[in-house]
Amino acid sequence: MSAKDFEEQYKKEFEDNGSIENEQEELKIDEMQKTNKGRVFEETAGGRVVLCGANAYEQKYYFNPIFKQIPESIKKELNIISVLFTQEAGGIFTIVFEEDGSISIETNADEEDITYDEITAGLLVGEVRRKRQDLFEALGLYYRIYVLHENPADILGSED
C-alpha cells in the first residue's frame, strides 16, 4: 500500500466530522512547514511512511498527522526523543515505518554541515533503539494491525 493510498484509506476510516477549526489548529502545531531542508520528511518511496522527525537546521519537530490516533503520551515521548537527538547530534532525525511494519531510525545532515558528527549520531541511534525498544515494538504492532490490517492473532502467535 502506497503512502497516498494509506492516507486516503485513513481519511475514509478515521475522518473526524467534528470541529474543522480544532483539526487545523492541531496541524499548525504538529506539521512541519515543508521547505527545502525539510525535504527528507516528504519522502515515502517504496511504501515507507514517516512517523515523526526533527530538523536541527530549522529547529522544528514534525509528527505525521495521519497518526493522530496515537495516544498523547506516546506522541510526547516521540517528540522528546527526536528533539533531544537533534540537539545532541544535529542534522535531521526521522522515525519511519517500513513497508513490512518495522521501524527505522534515520539520521542525516546537509553536506555543508561541519558540526554534524556521524559517529555520535550512530551511537545515539543505537542508544535510542536500546532504551526505547518496547516503544518501537508497540508502534510496529500498531502499524501492522491498524494500517496494514494484519490479524493480531497471527502477529502475536508468530512472535514466540
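## Overall fold

The protein contains six helices and four strands. The model is predicted. Read from the N terminus, the order of elements is α-α-β-β-α-β-β-α-α-α.

The protein has 160 residues, and 36% of them are buried. Its accessible surface is about 9900 Å². Carbon and sulfur atoms account for 48% of that surface. Take the contacts between residues at least 6 apart in sequence: 59% of these join residues at least 24 apart.

## The sheet

Strands of a sheet pair through backbone hydrogen bonds, and the pairing can be parallel or antiparallel. Here the pairing is antiparallel. The four strands make an open sheet, ordered β2-β1-β3-β4. The edges are β2 (60-63) and β4 (103-108). Each has a single partner strand, so one side of each lacks a neighbour in the sheet. On average, neighbouring strands are turned by 15° against each other, direction ignored.

Look at the pair formed by β3 and β4. Strand β3 covers residues 92-97 and is joined to β4 by six bridges. The two strands run antiparallel. Within β3 and β4, T94 stands opposite E106.

## The nonpolar core

In soluble globular proteins, nonpolar side chains tend to be buried together. The largest nonpolar core in this model has 29 residues. The residues with the most contacts inside this core are L51, F63, F67, L78, I95, F136 and L139.

Helix α5 gives the largest share, six residues.

## Aromatic pairs

A pair of aromatic rings is described by the distance of the centres and the angle of the planes. The structure has five such pairs. One of them is F67 with Y143: the ring centres are 6.3 Å apart and the planes stand at 50°. That angle falls between the limits of 30 degrees for stacked and 60 for edge-to-face, so the F67–Y143 pair is tilted.

Which parts of the chain does this pair tie together? F67 sits in the loop between β2 and α3, while Y143 belongs to helix α5. The pair therefore links parts 76 residues apart in sequence. Both F67 and Y143 are buried. Together with F97, these two residues form one aromatic cluster. F67 is also among the residues with the most contacts inside the largest nonpolar core.

Technical notes
Residues are numbered from 1 along each chain as its sequence is written. This is a predicted model: local features need pLDDT of at least 70, side-chain atom pairs count only at pLDDT 80 or more; totals for chains, interfaces and linings use all residues. Side-chain values use heavy atoms; hydrogens and water are left out. Buried means under 20% relative accessible area, exposed over 50%, partly exposed in between (1.4 Å probe, protein chains only). Contact means heavy atoms within 4.5 Å. Accessible areas come from the Shrake-Rupley method with a 1.4 Å probe; for residues, only the protein chains shown count as cover. Two strands pair if DSSP finds at least two bridges between them. Axes are lines fitted to C-alpha atoms, for helices over the stretch in contact, and angles run from 0 to 180 degrees between N-to-C directions. A nonpolar core is a set of buried Ala, Val, Leu, Ile, Met, Phe, Trp, Tyr and Cys residues joined through side-chain atoms within 4.5 Å. Rings of Phe, Tyr and Trp (its six-membered ring) pair if their centres lie within 6.5 Å; planes under 30 degrees apart count as stacked, over 60 as edge-to-face and the rest as tilted.
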